[in-house]
Amino acid sequence: MLEARTLTKRFDQTLALDELDLTVEAGEIFCLLGANGAGKTTTINLFLGFLEPTAGTASIDGLVVGDNPLEAKRKVAYIPEQVNLYRNLSGLENLAYFTALAGHGERSDSDLLEVLDKVGLDRSAAERRVGTYSKGMRQKVGIAIAIAKDAKALLLDEPTSGLDPKASNEFSVLLGDLAGRGVAVLMATHDLFRAKEVGHRVGIMRSGRLVDTLSTDTIAHQDLESLYLRHMHGDASPSSTSDLEVAAS
Ligand SMILES: Nc1ncnc2c1ncn2[C@@H]1O[C@H](COP(=O)(O)OP(=O)(O)O)[C@@H](O)[C@H]1O
Ligand SMILES: [Mg+2]
């Protein structure tokens, strides 16, 4: 569903992303971990078509993003750390606007209210100005937009930074639901705990390279943390769990 092939981005002297090969399948949640500057946001921005690759391709549902920017954008929803919504419009009005923008103009209010209800915003919340919303509520509107536009892929850039544990947990549950509907989810995060909880796989990035990829069901929280730290110090080889998978296949 989401596919990067030798995807590379250079900014002047900085190799921000170095030949990334990655596939995120429909229904899969893949979490990108890595220190600030590792290339996570660059990866997401290349999938969104916000940046042009220096080399290689990013594709969504078989469409190369650079060649089909509008169609590709229709297939994807994006949740950054701060979801950009119109503060003076209600959650419902924002959802109607962004769904129409994505080419799904004919959704009735009752349809959209149902979607908002599904993500945990009841009618009274849905009809309030977004300016009064908590961060967690805005993130829920972001998920509602993904559902209403029937996105095939969801890209998230540190979406749970600054959410309290309850809001973060609710958000993780919603991501799991979306994946259950077949959406491919790629999320950059610093939250190792959530990555392990919600992700099917995690990838560790360092200096523009994906240095390790592993299944979350093959590693304990503590081992993920120590593996991550060893990669940050540059003294880990790709994890033994991925070696085991190769050996088993
Ligand atoms: N627009 C830009 N111009 C120049 N350098 C950039 C730009 N965007 C990102 N970079 C550089 O690319 C590298 C990767 O950045 P980024 O993808 O934002 O990392 P992350 O999201 O993992 O923190 C960093 O060295 C960053 O300084
Ligand atoms: Mg970033």
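Me: How many bridges join strand 1 to strand 2?
Reply: Happy to start there, with the reminder that this is a predicted model. Strand 1 covers residues 2-11 and runs antiparallel to strand 2. The number of bridges joining the two strands is seven.

Me: Which residue takes a positive phi in the hairpin of strand 1 and strand 2?
Reply: The hairpin has two residues between its strands. The phi in question is near 45°, and the residue that takes it is Asp12.

Me: What is the bridge partner of Glu3 in strand 4?
Reply: Strand 1 also pairs with strand 4, again antiparallel, through five bridges. In strand 4, the partner of Glu3 is Ser59.

Me: What is the strand order of the open sheet of four strands?
Reply: Let's work in from the edges: strand 2 and strand 5 (63-64) each pair on one side only. Strand 5 pairs with strand 4 in the antiparallel sense over two bridges, while strand 1 is joined to strand 4 by five and to strand 2 by seven. With antiparallel pairing, the order is 2-1-4-5.

Me: Where does a positive phi occur in the hairpin of strand 4 and strand 5?
Reply: Ile60 has Leu63 of strand 5 as its bridge partner. Two residues lie between the strands of this hairpin. The positive phi, near 50°, is at Asp61.

Me: At about what angle does helix 1 run to strand 1?
Reply: Helix 1 spans 40-48. This helix lies across strand 1, strand 2 and strand 4 (55-60). Its angle to strand 1 is about 115°.

Me: Which element gives the largest share of the shell around ligand 1?
Reply: The surrounding residues include Phe11, Asn36, Gly37, Lys40, Thr41 and Thr42. Strand 2 (14-24) and helix 1 each supply at least two residues of that shell. The largest share, three residues, comes from helix 1.

Me: How many residues of the shell around ligand 1 are charged?
Reply: The shell has four nonpolar and six polar residues. Ala16, Ala35 and Ala38 are among the residues surrounding the ligand, as is Lys40. The charged count is one.

Me: What is the average twist from one strand to the next in the open sheet of six strands?
Reply: This sheet has mixed pairing and the order 6-7-8-3-9-10. Strand 6 (76-79) and strand 10 (209-215) are its edges. From one strand to the next, the twist averages 15°.

Me: Which residue in strand 10 is the bridge partner of Met205?
Reply: Strand 9 (residues 201-206) pairs with strand 10 over six bridges, in the antiparallel sense. The partner of Met205 in strand 10 is Leu210.

Me: What angle does the direction of helix 7 make with that of strand 7?
Reply: Helix 6 (residues 135-148) packs on the sheet at about 175° to strand 6. Helix 7 (residues 165-180) packs there too, touching strand 3, strand 6, strand 7 and strand 8. Its angle with strand 7 is about 155°.

Notes: Residues numbered from 1 in each chain as written. Chains lettered and ligands numbered in written order. Predicted model: local features only at pLDDT ≥ 70, side-chain atom pairs only at ≥ 80, totals over all residues. Heavy atoms only, no water. Pairing = 2+ DSSP bridges. Axes fitted to C-alpha atoms, helices over the stretch in contact; angles between N-to-C directions. Contact = heavy atoms within 4.5 Å. Near = heavy atom within 4 Å. Nonpolar A, V, L, I, M, F, W, Y, C, P; charged D, E, K, R; others polar.
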